[in-house]
Amino acid sequence: MEKKVSVKTNEDFIYGQAIIMGVSLAISHFFILLLFLYLHVNEMIIYNVISVIYFIAITFMAKTKKIGSNILIVMIDGEVILHQILAVYFVGLSFGFQYILLSMMVPMTLVLKNKKFSRYTVGKNIVSGIAFVLLFFIYNNSKPIYVINNPLLEKACTIVLVAFTITIEYYLVRVSYRQLEKLVRESQEKEINENKKRIKIQGKIIDAIASIIESRDSSTGEHTIRTSRYVGLIANQLKTNEKYSSVITDEYIDNLTSAASLHDIGKISTPDHILNKPAKLDQDEYEIIKQHSVEGGKIIHKILENLEDAGVPSELL
């Protein structure tokens with residue numbers, strides 16, 4: 001049975017993404033700031049100083065979870081898109097800033113294959129694609145404010161930007177896979193532990209009911225315990241037979257031996273004067289006590305019916 005990622009896991013994963021992107025973008029904006037310092041593009045110098053501070057704040061908010069995870073992702077993507085537009089407006093496409101937008105689409109598609117993240121993935125890719133087209137529209141309909149007459153610098157910057165972006169995205173993909181696997185594993189372990197607790201509680205309830213039954217029938221002694229043990233021995237023996245080995249598992253045997261404790265549950269409906277009669281039962285009394293198996297079946301059926309109505313999964317019944 002495939003385990004689904006919980007809503008909480010979604011939140012944790014996206015917060016983790018925000019932290020990774022916040023740190024990466026703070027570092028990248030710092031180096032881009034150095035480039036604009038060298039080019040003397042004052043507007044972009046100021047913008048990148050603000051951006052570095054902005055992404056440091058984003059990282060802090062993601063770690064402390066002060067703001068919703070989806071809002072943080074929108075804040076990150078919004079800044080990245082604005083940065084690309086401004087870079088193209090001031091210095092054109094030649095420096096390769098536009099490739100950062102395309103690179104944003106790749107890791108999200110590779111990593112977030114889980115259906116729970118489909119909207120997140122598709123949304124980011126659509127926004128990045130529109131922004132990429134918008135950049136070319138701006139470039140083709142306006143001239144850059146700053147003209148850089150240094151082809152060698154432009155090529156070097158493009159290579160460095162692309163290399164840096166590939167490195168960051170490769171790191172993001174690797175970390176994201178590990179992060180997602182960890183969160184899914186934790187979710188599965190939590191579900192397993194909860195199931196174990198439920199089974200333990202069920203076992204205690206069954207034992208309590210069996211004790212009540214035995215307390216009413218003084219003739220049984222440890223009959224219920226012995227019956228459970230016999231059932232366990234028979235089931236373990238059947239498990240060695242290839243015909244049943246795929247069906248009779250350790251969990252199946254545990255459930256079977258627990259259920260065996262309830263084989264006399266129908267005696268609850270048997271009158272005390274018959275159940276505890278010291279002498280031999282007459283024919284009418286014998287017919288009445290034989291009905292305890294039928295009554296037991298009705299009780300178990302009713303319990304299961306009520307649990308199904310309450311929405312308890314059938315595999316737990």
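Colleague: Let's start with V23: buried or exposed, or partly exposed?

Modeller: This is a predicted model, so local features need pLDDT of at least 70, side-chain atom pairs count only at pLDDT 80 or more, and totals for chains, interfaces and linings use all residues. Residues are numbered from 1 along each chain as its sequence is written, and side-chain values use heavy atoms, with hydrogens and water left out. V23 is partly exposed, because its relative accessible area is 40%. The cut-offs: buried is under 20%, exposed is over 50%, and partly exposed is in between, with a 1.4 Å probe and protein chains only.

Colleague: Where does V23 lie?

Modeller: In helix α1, residues 7-39. Helices are DSSP runs of H or I with at least four residues, and strands are runs of E with at least two, numbered from the N terminus.

Colleague: Which residues make the nonpolar surface patch?

Modeller: V23, I27, F30, F31, L34 and L37 make the patch, at about 530 Å². Patch residues have over 30% relative accessible area and no salt bridge; nonpolar side chains (Val, Leu, Ile, Met, Phe, Trp, Tyr) are joined within 5 Å, like charges within 9 Å. Areas are Shrake-Rupley with a 1.4 Å probe, and for residues only the protein chains shown count as cover. A salt bridge is a Lys or Arg side-chain nitrogen within 4 Å of an Asp or Glu carboxyl oxygen.

Colleague: Now rings. How many aromatic pairs does the structure hold?

Modeller: It holds 5. One of them is Y54 with F55, edge-to-face, at 5.3 Å centre to centre and 80° between the planes. Rings of Phe, Tyr and Trp (its six-membered ring) pair if their centres lie within 6.5 Å; planes under 30 degrees apart are stacked, over 60 edge-to-face, the rest tilted.

Colleague: Why is the pair Y89 and F90 edge-to-face?

Modeller: Because the planes of Y89 and F90 are at 80°, with ring centres 5.3 Å apart. Y89, F90 and Y146 form one aromatic cluster.
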